[in-house]
Amino acid sequence: MRSYRDLFRTPEFTPFFLASAAHTVAQTIGGLALATLVYRVTDSPLLSAVSMFGPQLAQVFGATFLLSGADRLPPRSTLTGIGLAFAAGTAVMALPGLPVGAVFAVVLVLGLVASLGGGVRWGLLNEILSKDGYLLGRSVFNMLSGLMQITGFATGGALLTVLSPRSCLLLAAALYALSALGVRLGLTARPPRSSGRPSARATRRTNALLWSSRPRRLTYLGLWLPNGLVVGCESLYVSYAPGAAGVLFACGALGMFAGDVAVGRFLRPEVRGRLATPLLLLLAVPYLFFVLRPGVVWAAVAAGVASVGFGASLVQQERLMALTPDELAGHALGLHSAGMLTMQGMSAALAGAVAQLTSPATAMTVMAAASVAVTLTLAGLGRSPESPSPKSPIEVRTANE
């Protein structure tokens, strides 16, 4: 599978793609509206950042107790249920007079529900496409995420000038419901990829198995840490530029789109495999210039250039799949997604706390410096000689016992 045309000729890819687009737009509009609402009520960079990225904090619990369901639950029903849960939860957060504490409770519950989403969604993509089409398909979904974030943040920023944040939350709830309907009507029912019931014990056992391989460990850390620390920078856009946060988010999404197109479509595999570290450095270095407190135009340029570095995740996911048995693909991708989102939520909270004590610009610089340091450390550890772990059938049997 070598072209985007081949992807969209694949049965079920298009409805899956469109349903995911609606879900992403709902996330961007809803997240921006919620962060704006909380910042207006509390005037707190910390609470604003956590409200937008708080669902990610609950991912750690899902990764610990629920992730075995990524391969052991029927994917269509699971994704439909997740979409409806987000529609209901987002509508609840739009209720007038809802206390901030109750808002954060709903945010964390939605994060727990979402912890299954990454593993189910990307494991399903691995089934819909042929094996040689996964990277191209994932790059299209990353490009989709970039474009829909541009659309969502630009639309959300515009809507917030004429509508209340609560009205924008209701719009996001409707889009979540539309996404759930698209999954239910556009995909066929498939059985789970693995036998057995989902359980906390099975989740922990498979997590330990995936984590036991040093090459996979380093790949996971590369997927989680540098990316998450930079999202801590992004979580401060609302407090850094309250009137232009949508512009910063949209420019960041445009940069991410450009990076995913370049990595997923135009780079040869032998070139692509060498670019993980340079792309991760690109992801962080432009935020170091926030120490100069740039205006909105230069801040938007820095955000756009930096976000090209998100293309590193495609390189790392390709490596992760090469190191993982096919029967554990959903769980492995779910662990990647849950760990990444957890780190993003933790980084948003950390960045918000630093901004509370100093300033948003200072906090963004600190988080970027930490991301650079982590990337260089992981690159050094990755140079030590060790052969990749094979996709051993023993691993699969152990995980399913």
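Aromatic pairs number 14 in the structure, a pair being counted where the ring centres of Phe, Tyr or Trp (its six-membered ring) lie within 6.5 Å, with planes under 30 degrees apart classed as stacked, over 60 as edge-to-face and the rest as tilted. The rings of Phe8 and Phe13 are edge-to-face, because their centres are 5.1 Å apart and their planes stand at 85°. The model is predicted, so that local features require pLDDT of at least 70 and side-chain atom pairs pLDDT 80 or more, whereas totals for chains, interfaces and linings use all residues. Residues are numbered from 1 along each chain as its sequence is written, and side-chain values use heavy atoms, with hydrogens and water left out.

The two members of the first pair are placed in separate classes of accessibility, for which buried denotes under 20% relative accessible area, exposed over 50% and partly exposed the range in between (1.4 Å probe, protein chains only). Phe8 is partly exposed at 35%, whereas Phe13 is buried at 0%. A further edge-to-face pair is formed by Tyr237 and Phe249, with 4.7 Å from centre to centre and 65° between the planes. Tyr237 belongs to helix α13 (residues 237–240) and Phe249 to helix α14 (residues 245–266), so this contact ties together parts that are 12 residues apart in sequence. Helices here are DSSP runs (H or I, at least four residues), numbered from the N terminus. Both Tyr237 and Phe249 are buried. One aromatic cluster is made up of Phe8, Phe13, Phe16, Phe17, Trp122 and Phe141.

Salt bridges were assigned where a side-chain nitrogen of Lys or Arg lies within 4 Å of a carboxyl oxygen of Asp or Glu, and the count by this rule is 3. In one of them, Arg190 is joined to Glu12, with 2.8 Å between the closest N and O atoms. Arg190 is located in the loop between α10 (165–186) and α11 (200–211), and Glu12 in the loop between α1 (4–9) and α2 (13–42), so the bridge ties together parts that are 178 residues apart in sequence. Arg190 is buried at 18% relative accessibility, and Glu12 is likewise buried, with a relative accessible area of 16%. Arg190 also meets Glu127 in a salt bridge, at 3.9 Å from N to O. Since Glu127 lies in helix α8 (residues 117–128) and Arg190 in the loop between α10 and α11, this pair ties together parts that are 63 residues apart in sequence. Glu127 is partly exposed, its relative accessible area being 32%.

A salt bridge is also found between the side chains of Arg272 and Glu318, with an N to O distance of 3.0 Å. This pair links distant parts of the chain, Arg272 being in helix α15 (residues 269–272) and Glu318 in helix α18 (residues 312–322), 46 residues apart. Arg272 is buried at 6%, and Glu318 is partly exposed at 31%. Through shared partners, salt bridges join Glu12, Glu127 and Arg190 into one network.

Most residues other than glycine have a negative phi. Glu12, although not a glycine, has a positive phi of about 80°. A positive phi, near 55°, also occurs at Arg293, a residue of the loop between α16 (276–284) and α17 (296–307).

The expected span of a helix is 1.5 Å times one less than its number of residues. Helix α10, with 22 residues, reaches 31 Å from its first C-alpha to its last, close to the expected 32 Å. Its buried residues are Pro165, Cys168, Leu169, Ala172, Ala173, Leu175, Tyr176, Ser179, Ala180 and Val183. These residues lie on the same side of α10, because they cover an arc of only 165° around the axis, the arc being that of the directions from the helix axis to the C-beta atoms.

For helix α7 (residues 100–114), the 15 residues should span 21 Å, which agrees with the 21 Å between its end C-alpha atoms. Buried in α7 are Val103, Phe104, Val106, Val107, Leu110, Gly111 and Ala114. They cover an arc of only 160° around the axis and therefore fall on the same side of α7. Gly101 and Val109 are exposed on the other side of this helix.

Methods:
Helices (H or I, at least four residues) and strands (E, at least two) are DSSP runs, numbered from the N terminus.
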